[in-house]
Amino acid sequence: MKNKTNVLPREGEAQPSRCPDNTAFKQQRLPAWKPQLTIASVLSSFFLTGAFCLTVGVCLVLSANSVREIQIDYSDKCSDCSKLRENSSNWNKECHCSVNFTLKENILGDVFMYYGLQNFYQNHRRYVISRSDAQLLGRNVNIQRSYCAPFSTYRNGTPMAPCGAIANSIFNDTINLFYNHNSSVIQVPLLKTGNSWWTDKNVKFRNPESYNLSSAFAGTARPPYWQKPVYLLDEEDERNNGYLNDDFIIWMRVSAFATFRNLYRRVRRVRHFTEGLPAGNYTFHISYNFPVTRFKGRKHVILSTVVWSGGSNPFLGIAYLVSGTAATLTGFVITGIHLKLRKKKTYFQRR
Amino acid sequence: MSQGTAGGEGAPQVLPEGKERQRKRRRRKKESKTRLVRSSLLLPEAEPEKSKRTVLACNRLKTTKYTALSFLPKNLFEQFHRLANVYFVFIALLNFVPSVNAFQPELALAPVLFILAVTAIKDLWEDYSRYRSDKEINHMECLVYSRTEKKYISRYWKEVKVGDFVQLRCNEIIPADILLLSSSDPDGLCHIETANLDGETNLKQRQVVRRFLELDSEFDPLKFTSVIECEKPNNDLSRFRGYIIHKSGKKDGLFKENLLLRGCTIRNTEEVAGIVIYAGHETKALLNNNGPRYKRSKLERQMNADVLWCVLILLIMCLFSAIGHGLWVWQYGEKKKPIFDVPGPDGKYLSPALASVYLFLTMIIVFQVLIPISLYVSIEIVKICQVYFIHQDKDLYDEETDSQLQCRALNITEDLGQVQFIFSDKTGTLTENKMVFRRCTVSGIEYSHDDNAKRLAMYQEPDSEEEEAAPKGGTLSQRDSICSHQSIKVMHRSQNTKTHRRTGSRAEAKRASILSKHTAFSSPMEKDITPDPRLLEKVNECAKHLEVMRSHEQPLSHLSPELCDVFDFFIALTICNTVVVTAPNQPRQKVRDRFELKSPVKTIEDFIRRFTPSRLTSGSNSSSSSSLATSKSMHRFGLSTLSSTSTDSTLLKLEEKLAYSAQMNNNGYSSQQGRTAVGGAPEEGELRYEAESPDEAALVYAARAYNCSLVGRLSDQVSVELPHLGTLNFEVLHTLGFDSVRKRMSVVVRHPLTDEINVYTKGADSVVMDLLLPCSSDDPRGKHQKKIRSKTQNYLNLYAVDGLRTLCIAKRVLSKEEYGCWLKTHLEAESSIENREELLFQSALRIEKNLHLLGVTGIEDRLQDGVPETIASLRKAGLQIWVLTGDKQETAVNIAYACKLLDHDEEIITLNAESPETCAVLLEQCLQCVESKFSNNTIDGATGNMTVGFTPLYPPSSSVLSSLGLVIDGRTLAYALEPALEDKFLALAKRCRSVLCCRSTPLQKSMVVKLVRDKLKAMTLAIGDGANDVSMIQVADVGVGISGQEGMQAVMASDFAIPRFRHLEKLLLVHGHWCYSRLANMVLYFFYKNADVPAEVLIAIPQLYKSGQNMEEYQPHMFWMNMIDAMYQSLVCFFIPYFTYYDSEVDIFSWGTPITTIALFTIILHLAIETKTWTFLHWSSCIFSIILFFSVALVYNASCPVCHPPSNPYWTMERLMGDPMFYFTCIISPVVALLPRFLYRTLQGTLFPTQLQLGRQLSKLSPETRAQLLTKLNVKETMCQTRLFADSFSPSLGSNASDCYKADNQSTPLPASPQTRESLLREDTKADHKTDQTAAASPQGAVLYEENKLPSSASGLERSMGFHEVRCGTSEVESLPLGTTFPWSSAVDQADFSLLKWITSTPLFSHIGTVLQVSSSSLQNETQDSMCVLGSSLHVDFKGLKEESSNNLQDKMKGNSTDHCKNENSETTFL
C-alpha cells in the first residue's frame, strides 16, 4: 500500500543526499567522438579502400596465375573399374587402370598430388559427426555411446576400428605416378607422410598402446567397406600405420564442400625431380577402389604447385579487384555529387 | 481474538449451540450481503482458535507473489507465459532428440537457462522488496485494547483483527477500517487526512457513532456489547452503510462519516477509539488498490510482430531446406544410397520424406538465431541500464524533497519516447496545491502587494534559504521541542514527511516537514504574507477610528465608506469560512463555558433564547443533532421540527430580546478581552488554520497579515482579534455552506460593535457580481459605487488573466425585521423533511442578494516550477496535453491559463450540457464549427447560434494560431463518453490544442485515457499525484506519479515517479528519446549504443521528440530493409569464403572459422557505421570483442582435442592465423558486405538528413556556439509568442506594424550600392507574389521564406516591444550584402547562421528545415491563417480583427520580402 516505499528518508537520521553523482558516466556525458557520415568525411575512405583492394587484388591474381596445376578426371577413364565398383559385392576384386597425360612444360618447385572428389558431401550433417575422436586418440572407449552408429559395432558386438561413417568411407584408391623418360618408365618418388597437420599426426591421433599394432587392435574389426584392417594401412612404415596413417588422418579431416581435394602425396625432389616435374609423358597407375557412380560423383587426380596465397583459385584476387574498382568508382560518383551540390551553392559544408 | 462473522461463508457463531444452526440457515440468505462484527472482547479466550477458521482477513498485508517454496514452480510457470521462453525451451529440447539435434544438447540449454535465471532473479528481487515493505507495514504499531490488561497495549498492525478496539492518537495512520466510537473531541469529531487515499489534502471530519457521542463517561470497550451489521467489504471509498444494534435492541445507522479508513491519518484530534470493521486486504483502501496492469511497451509489441515475421521467415527457410533436402535424398534413389548418407542407428536409411522432416526440425535449431534469443536478454539488460541512467540523472533530482526519479516499471522505458497524449491531473501535479494570497482590491482600489510578490519570488531562489532559515530558527526549535514528545514512532512519522507542503528551498522543506505533523496547511509561504503598506495603514487607521468610536460610543457609520469597506473586507475574510483554529501543540480544544449553546441558531426559540439572559431552557435541543445529514459541522442543520404555534408569539418578542442581547454581547466582549490579554497575544504566532480548501486558509492568513486574525471558532461564535480593538466575538447565526451551484458561501453574524446582523458572502466573481445591490446612477453615492464596481471588474479581469483564483467579498446588512422574516422561512426549510436541500438552497438565495461589494481577492494556486515552460516544450514536441481535474471549472480554467495550457488568444469551446441530448447537439455544433473553421469557410454565424456551447471566454481576437481549447465539465464528459457520442467527442478533442476536463471523477479520468488510448491508438501518458489519479495512471500506457507530495498511492500505481512536473520534460524528451532510439536501434541491430543526440539539444528542440512518436527509428520498412541488408551481408559472408576455398583441401572448421570471424567483423563494423557517438566505452567494447573472439578461439582450439565430440576444431585457429588467405578473406568480406550500407548512410547523411541528424549536427558545434544558437532559437520563439500575445491585446500594435517596417528599413545599414537596392525591391515584389501562393512557390524559396519570417516578425515587434537583441539578429543578415567585408566579428555568429542556412538550404528536404524552424513554421501558419481570414467573408464582429490581421499580414509580407531578398543576396555573396 502507500506505506510500501522504503526509499523514504527516515526522520532524524542524517540522510546522505540522494542526489546522484555528477560524474560524466552517470550523467551520460562521456567525452565522445561523434562522426557524421557525410560525403566529405567519408570520401577519403572510399578512395583508400579502393586503392588498397586494387593493390591486393593485383597481387593475388598474379600469384594465383603463377600456380601450375594439372587435373585429370579419372572416374570414367577405367570404365570397367567404375562399373565393377558400382556393385558393392565386388569389393574384394582388384581393379587397376592407368591414365596417361603429358606435361607440356616443367612444373617447378614443390609439386603436390591431390585426389579430388566431386559431389561427395563430406559435409553432410550426419556424416560429419559420425566419428569417435576418443577412439582415434587410442583410448579404449565404448564406441557404442559415441556418434559412430550405425558404424560402431557389428551385429556380433565386435567394435569397428575406426568406427563411424567417415572412416568407413575412406578414399581407398592407390595412385602411383610414372614418368616416361626416354622410353624408360621411372616411378616418380612420392612422399606419403608429412602431408597432414602436425597437430593431427601428433596430438589428435594415437594408436592404442600395445607391444604391436595388431595386438593393439585385437578384438576389433575393420569397417565394413574396408579391404584391410586399420593396422595394415601402411605395412612399410610403422609410424604411418594404424590411426596414424596420413591418408587416414587427412580423410578424417572432413571437407567443407561437396567438391574438394585432399592432399595425397608430395613429389620427392630427388634425381630427375629435384626441380619439380619435368615436362614429358606421365602415367598414373591407379588401383580403382573408391566408387563414385553411386553418388554421381567424379574423382580427379591433381598435380599442383602452391604459392603463398594458396592454390590456383583466382576468386579472391578477382573479388579484391572488383570491390576495389567499385569503391573507387563510388568515390568518384560521390565526389561528383559533392561538387555538384557545391556548385549549386546550396550545399554548405563547414570546415 | 476476532469474532466478526462473515455471513454466507459459514463463519462460526457465538450464539448458543441450539439455536445456532437454525439461525445460521436463516442468515445465510440474509448475510450474504452483510457482515456482522462483534467486540472481540466478548469472546472467551478459547474462542480465537475457533475463529481462526473464519474467512475474515486479518490485518496482515501480503502483496508478495511467491513463498520460498512456491517460487520456483510458480515463477517458471509465469515465465512460460512468455511465448519466447516457450520457443527457446522448445528449441533446447529439440536438441535432445538424437535424429534432429544440431548442437550438443547441454550447450543449447545454456542460453535458455541463463534467460530464465536472469528473469527469475529479477522477479525474486522484486518480490523480496515487496516482502520487505509488507513487513515494514505489518510491523507498524498501534494501540489495541487488551482484555487481560484492561487497557490499550501496543501491537503490530498485522495482529489487529476484526472486532478489536483500536485507539489512535493524533498523526497516527489508521491501520484498518475502523468504526469511530469515541473521540477526545467534545463534539465527537475526528479529523482525518485522506491524502493517501484520494489525494485531497484537506481534512475530513468523521463523527463518532451517535449513541456513543452521548455517553457521559469515557468509552469503555469492555462495555461494548452492540453488534454491528454492515456491508461486505467493497472498494467504494465514498460509501459505508450499516447499522449498529445495541443491546437494548435499538438500531443506529452507520454512515461513511463514522468510518475511519485505513491509510488515512488522524489529525487534530488527540485520541480516538473504534472497533475494527474491515481489516487487511478487506479494507477499502486495499480493495481499491488493484494490481498494476502488465504493461508492454509499444516498441516491444512492434518488435514482437517483427519476431513473428522472423518466425515466418524461419519457417519458410526451414521448409525450403527440408524440401530441398528431401529432393536431394530422393534423387539418389532407394538402392544407390551414397556412401556419405549415414543410415540411422538401426542401419536403415531414412526415407526422403522422413529425412526432410528431420531436417526441418534441425533447421529450426540451426536457424534459431534468426529469432534472436539474445534480443530478449539484451533488452532486459539494456532496460536495466537505462533505468539506472534515468535514476542517476541529476536533472531529475529534486533537492527539496531529496527525492529522485523512480522507475517502477522496468519494461516500458522506451515508451517514454513515443508518447502522444499527456493526461495530467491539475492539483498537486501542475500546481503545488498551495494557495497564496497575491493581491486584492478593496472598494475599487487595487493593492498589488508588491512586497508579497517579492517575497514569493524569494522562495524560488534556492540560494536564499540560509538567510531565510536564520531568523526563523527560534520558532523552529520551539516546534522541535513540541513535536518531540509526540514522535513516539519515528517510522510512523516518516510517512508523514511526504505530505509536507511544497516550499521553495530545502530548509523550507525541512521546516515544513516538521510542521506537517501537526497541521495540514502551514507552509511559511502561504502564511507569512507581507501586507501591502497602503492597505495596512488603512486598516490601522480604521481600527483606530473604531476604537475611538467605541470608547465614545459613536455609531460606526461615522467611518468613511472606504474605511468601512476595508474593515468589513477583513472581517469577511476572517470569518466567512469554515476554518478551524488550532494551537500547534495541542489538538483543538474547545472552551465550552462561554455559551451554553454550541450550535447555530436552529429554532426560533433557540434564537430567542440565545438573546435572552434568563436562559430559558427547553427540551428541544437534545433532539436536534442529526449531524449525519451533512458532513460539515459548520452547517449542521437541525431536524427538529419547528413548533409553528409558538413562532408568531416568539417573533413578537424578538425586538425586545434583541435589544437585550446586544447588551449581553458587550458583556461577553469585555470578558473576552480580559482573557485575551492574558494568553492570547503570545500565542498568536502559533495558531494554525485548517480549512477544507486551501484557499480559505490563504485568505485567513492574509487577513492575519493585516492584524485581523482569527483566534477561535466555535460552531456559534468566531473570535477575531483586531489591532487596538482586541478580540471581537462575532456570533455566528448561520453558515450557508459552499455549493457548486451557488458558487458562494455566506455567514450570518451579529456584529459585536454595531450589533447589526450582517451577511458576509464570499464567492466566485461571476455570481457575486450579479447579486450586488443595484445602485441608482442618480445620487453621487450610487455613482461612486458604480465606479467602484467597474474598477473592481477591471481588476478581476486582470487577475483572471494572471491566472489568479478570484473571489468576491460582499456584505449585506440585515435589519432585524428582515432577518426575522428570513429566519422564519429558513427554519421552515431546515425543518422540512422533503426536499430540504432545495428549500435551503432557496433560502440561501433569499438572503444572498442586494449585496454590497467589499472587494475581491486574487489567490494564486501556485504552479510548480517550470510548468508553463514544460508544457510549452512538450507541446512543441508534438504532445497533446489534456488536463483532467476534479476542480471546478473556473479554477481549472484559471490554472490552465496560468500554465499556458490555454492561451488568451485561443478560442475556448466550453461544453456544459445538462442532458445527453444537449450534449450531442453541442458536440455536433462544435464539430461543425471547428471543421468549417479548419476548412477555412466562413464561420457562418455559428458563434451566434452557440449561445450555450460556444462561449469564447475571450473574444477570438485574431485567431492567429487557429488553436482551440476545449473545456468540458464532468457531467458533460459523462455524456460525451457514452458510446454514441465518444467518437464525436474525440473528433472534436483531436482538433483542439488542449483539452480541459473539470469536475471529473477518477473513473472518468481513466475512461478518457482509455478512450484515447483505444480509439486513437495513441500512446498515452498519465501523470498525477493523488489516489484519484490512480485509475488513470494505471490505464495509460505510461503512468507517471508525482512523488513526495500527496501520499504514495499514485506513485505505487505508476510506472515512473518523478518529484515534480517539470521533470517530465527531461524524462520524456531526453530519456524517452534516448531509450526509444537506442532500444529501437538495438532491436534493429541487436546491440546497445550509448548516446546520440545530446540532452541539451533534445531539450532545446522538442520537435526532435516527434521522431519517436512517429516511430521513425523503428518502422516496418526498416525491419525489412534491415532484413534485406542482413541477407545481403550474410550472402557476402558466406560466398566470399565459399568461392575462395572452393575445390580446396579446406576442412569444415578451417572454413567455418573464417566465416565466423568475417561475421564478427561485419557486425562490429556495421555497428560502427550505425554508432553515432563513440566514447571510450565503445572503442573498448569493440576492441574487446575482437580480442575476446580471437583469444577464446585460440584457447579453445588449443585446449583439448576431444573435449566436445563430435565437433573438433583443434588447432584450427592457430593454423588459420598462419595463413595469409585467412586475413585476405577476412578483410574483403566485411568491406564488400558493408559498402552498400556505408554508401547509403553517407548519402542519407548528406542529402537527406533526418531531424535527429540535424540535432546531432548541432551538437557537433562547440558548446558556446550551440548554446548561443539555442538561446537564439528560444528567444525567437518567445518573441513570437510575445508578439502574438501583444497582438491580441493591443490591436493598435498591428496597425503600427507598417510604420515599424519602414522604420526598420531606415535603420538598416544598407549598402550604398543602388543595384543592391534595386534588386532588393525586385525581390520585394517577388516575395509578395510568393506569399500569395505559398504552395506554388519553389521549395527552396518557401524554405527561405519561412526562415526569414523569423527576423521579420521580430523586427516588426522590435519597436513596440523593445527587443534589441533581435535587431542584432536581423541587422546581421541585412548587412550581408556588403559582401566584401564580412561584419561578422565572431565565429559564433558565422556558425549558427550557416547552420540555419544549411538546414534550410537543402532543397529536397525543406520540410525538415521547416520543422526545425519551429517558430518560423508557426508564423507561417499564422500568415496562412490570417490570409484565410482575409479571404473569407467575415462576420461583422470580426471586422476589427480583419483589419488587424490584414495589417499584420502586410507587415509580415513586407518584412519577409526584405529579409528574403537579403538572404538571397547573402547567399550569393557568401559563396
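This is a predicted model: local features need pLDDT of at least 70, side-chain atom pairs count only at pLDDT 80 or more; totals for chains, interfaces and linings use all residues.

Q: Okay, where is Thr283(B) placed in chain B?
A: Thr283(B) is in a loop of chain B. That loop runs between β14 (271–278) and α8 (284–287).

Q: Is Thr283(B) buried or exposed?
A: Buried. Its relative accessibility is 0%, and Thr283(B) counts as buried because that is under 20%.

Q: Which residues does Thr283(B) touch, leaving out those up to four places away in sequence?
A: Ala176(B), Asp177(B), Arg262(B) and Tyr278(B).

Q: How many residues apart in sequence are Thr283(B) and Arg262(B)?
A: They are 21 residues apart in sequence. In space, their C-alpha atoms are 6.6 Å apart.

Q: Now the surface. Which residues form a nonpolar patch in chain B?
A: Met1127(B), Leu1131(B), Phe1134(B), Phe1135(B), Phe1139(B) and Tyr1142(B). Together they have about 540 Å² of accessible area.

Q: Where does Phe1139(B) sit?
A: In helix α39 of chain B, residues 1116–1141. Phe1139(B) has 37% relative accessibility, so it counts as partly exposed.

Q: Switching to chain A. How many helices and strands does chain A have?
A: Chain A has 9 helices and 11 strands. It has 351 residues, and 51% of them count as buried.

Q: What about Lys299(A), buried or exposed?
A: Buried, with a relative accessible area of 0%. Lys299(A) lies in strand β11, residues 298–304.

Q: Which side chain does the Lys299(A) side chain make a polar contact with?
A: That of Asp173(A), at 2.6 Å. A polar atom of the Lys299(A) side chain also lies 2.4 Å from the backbone oxygen of Phe290(A).

Q: What else does Lys299(A) touch, beyond four places away in sequence?
A: The list includes Ile72(A), Asp73(A), Tyr74(A), Gly116(A) and Tyr288(A).

Q: Back to Phe290(A). Which side chain has a polar atom 3.4 Å from the backbone nitrogen of Phe290(A)?
A: The side chain of Asn172(A). Asn172(A) sits in the loop between α5 (165–168) and β5 (174–181).

Definitions and conventions:
Residues are numbered from 1 along each chain as its sequence is written. Chains are lettered from A and ligands numbered from 1 in the order in which they are written. Side-chain values use heavy atoms; hydrogens and water are left out. Helices (H or I, at least four residues) and strands (E, at least two) are DSSP runs, numbered from the N terminus. Buried means under 20% relative accessible area, exposed over 50%, partly exposed in between (1.4 Å probe, protein chains only). A polar contact is a pair of N or O atoms within 3.5 Å; within protein, one must be able to donate a hydrogen and the other to accept it, and residues adjacent in sequence count only if both atoms are side-chain atoms. Contact means heavy atoms within 4.5 Å. Patches are made of residues with over 30% relative accessible area and no salt bridge: like charges are joined within 9 Å, nonpolar side chains (Val, Leu, Ile, Met, Phe, Trp, Tyr) within 5 Å. Accessible areas come from the Shrake-Rupley method with a 1.4 Å probe; for residues, only the protein chains shown count as cover. A salt bridge is a side-chain nitrogen of Lys or Arg within 4 Å of a carboxyl oxygen of Asp or Glu.
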